[in-house]
Structure formats: C-alpha cells, structure tokens
Amino acid sequence: QVQLVESGGGLVQAGGSLRLSCAASGRTFSSYNVGWFRQAPGKPREFVARIRASGGSTYYAGSVKGRFTISRDDGKNTVYLQMNSLKSEDTAVYYCAAARETAYSGSLYYTTVTEYDYWGQGTQVTVSS
C-alpha cells in the first residue's frame, strides 16, 4: 500500500514557475512508476509526465514537453514536477499516481489513468494571464 500526498500548488502568473512534490509512504517507493496527471474543470483527467521505477526514464505529454521536468529522489520517497513557462491552459488540479513495477511493466507505457493503482488527493495550480 502506498499513500501519496501532493504539495506545491498555488497561484502564479503566466510565464512563471512552480515545483510540485509528491511524497509517498512505504519503504519500496523506488520500485514504483510514478506519473503526474491533471484535470481542469469539465475535462477528463489527462496525462502530464511519468518517471519509471527501473532506470528512471521519463516521458511527457506534448503540451508540456520542454517546459516541465519530472524527477525523483527515492531517498526522500518524493517525486517532483518542475513547471516552467506556465500558461493559462496549465490551470488544473494536479495529481500524482503510482504503480508498482512488475514483470509486465515493460509492456506498459504508464500514460493512462487505468495503469495506476494509487492516487494522491491533488493540488490546485492556477495560472493567471
């Protein structure tokens, strides 16, 4: 069982930066794939970025590539999402999610909601134009 707690959201002007944190409980966090998703009002939850457990490879949605960076510090059981050059369309509730690495993980991309087992409560990011 993993519990996830997001923090770092807030109000920022367009062009500004924020760093979100996702703190996890549990001793084996390093064996979990972690993703960030976001959900704007009236829209479905969408993939933002993910970082793999094995090797830490990263992947980003096209809308954030080059502006956002996902990283992890397994010693602190924390995954970060550095968001730069923020735009008004980045306004949403941001969620982190985790899925344990398994023998089948190599065939998964971890870019969809259904691939994750654990979710945080979300943190609001509002970008003013």
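The legends below describe close-up views of one predicted model.

In this predicted model, local features need pLDDT of at least 70 and side-chain atom pairs count only at pLDDT 80 or more, while totals for chains, interfaces and linings use all residues. Residues are numbered from 1 along each chain as its sequence is written, and side-chain values use heavy atoms, with hydrogens and water left out.

**View 1. The disulfide of C22 and C96.**
A disulfide is a covalent bond between the sulfur atoms of two cysteines. Here the term is applied to a pair of cysteine sulfur atoms within 2.5 Å, and the count by this rule is one. The sulfur atoms of C22 and C96 are 2.1 Å apart. The link is right-handed, with 65° about the S-S bond. C22 lies in strand β3 (residues 18-24) and C96 in strand β9 (residues 92-100), so the pair ties together parts that are 74 residues apart in sequence. Strands (E, at least two residues) and helices (H or I, at least four) are DSSP runs, numbered from the N terminus. C22 is buried, with a relative accessible area of 0%, and C96 is buried with a value of 0% too. Buried means under 20% relative accessible area, exposed over 50%, and partly exposed in between, using a 1.4 Å probe and protein chains only.

**View 2. The open sheet β1-β3-β8-β7.**
Strands of a sheet pair through backbone hydrogen bonds, either parallel or antiparallel. In this view four strands form an open sheet with antiparallel pairing; two strands pair if DSSP finds at least two bridges between them. The edge strands are β1 (4-7) and β7 (68-73), and each pairs on one side only. Neighbouring strands of this sheet are turned by 15° against each other on average, direction ignored. The axes are lines fitted to C-alpha atoms (for helices over the stretch in contact), and angles run from 0 to 180 degrees between N-to-C directions.

**View 3. Strand β8 and its two partners, β7 and β3.**
Strand β8 (residues 78-83) pairs with β7 in the antiparallel sense over six bridges. Along this pairing, F68 has M83 as its bridge partner, and D73 has T78. Four residues lie between the strands in the hairpin of β7 and β8, where N77 takes a positive phi near 55°. Strand β3 also runs antiparallel to β8, joined by six bridges, and L18 stands opposite M83. Five of the six residues of β8 are buried.

**View 4. Aromatic pairs, including Y32 with Y118 and F37 with Y116.**
A pair of aromatic rings is described by the distance of the centres and the angle of the planes. Rings of Phe, Tyr and Trp (its six-membered ring) pair if their centres lie within 6.5 Å; planes under 30 degrees apart count as stacked, over 60 as edge-to-face and the rest as tilted. The structure holds seven such pairs. Y32 and Y118 are edge-to-face, 6.2 Å centre to centre with 65° between the planes. This pair links distant parts of the chain, with Y32 in strand β4 (residues 32-39) and Y118 in strand β10 (residues 118-119), 86 residues apart. Y32 is buried, with a relative accessible area of 4%. The ring centres of F37 and Y116 are 5.4 Å apart and their planes stand at 80°, so the pair is edge-to-face. F37 belongs to β4 and Y116 to the loop between β9 and β10, 79 residues apart, and both residues are buried.

**View 5. A ring cluster and two charges over rings.**
Ring pairs link F37, F47, Y59, Y110, Y116 and W119 into a cluster. R45 lies over the face of W119, 5.0 Å from the ring centre. The charged end of R72 sits over the ring of F29, at 5.2 Å from its centre. A charge sits over a ring if NZ of Lys or CZ of Arg is within 6 Å of the ring centre and within 35 degrees of the ring normal.

**View 6. The largest nonpolar core.**
A nonpolar core is a set of buried Ala, Val, Leu, Ile, Met, Phe, Trp, Tyr and Cys residues joined through side-chain atoms within 4.5 Å. The largest one has 35 residues, of which W36, L81, M83 and Y94 touch the most other members. At least two residues of this core come from each of β3, β4, β5 (46-51), β7, β8, β9 and β11 (123-128). Strand β9 gives the most, with six residues.
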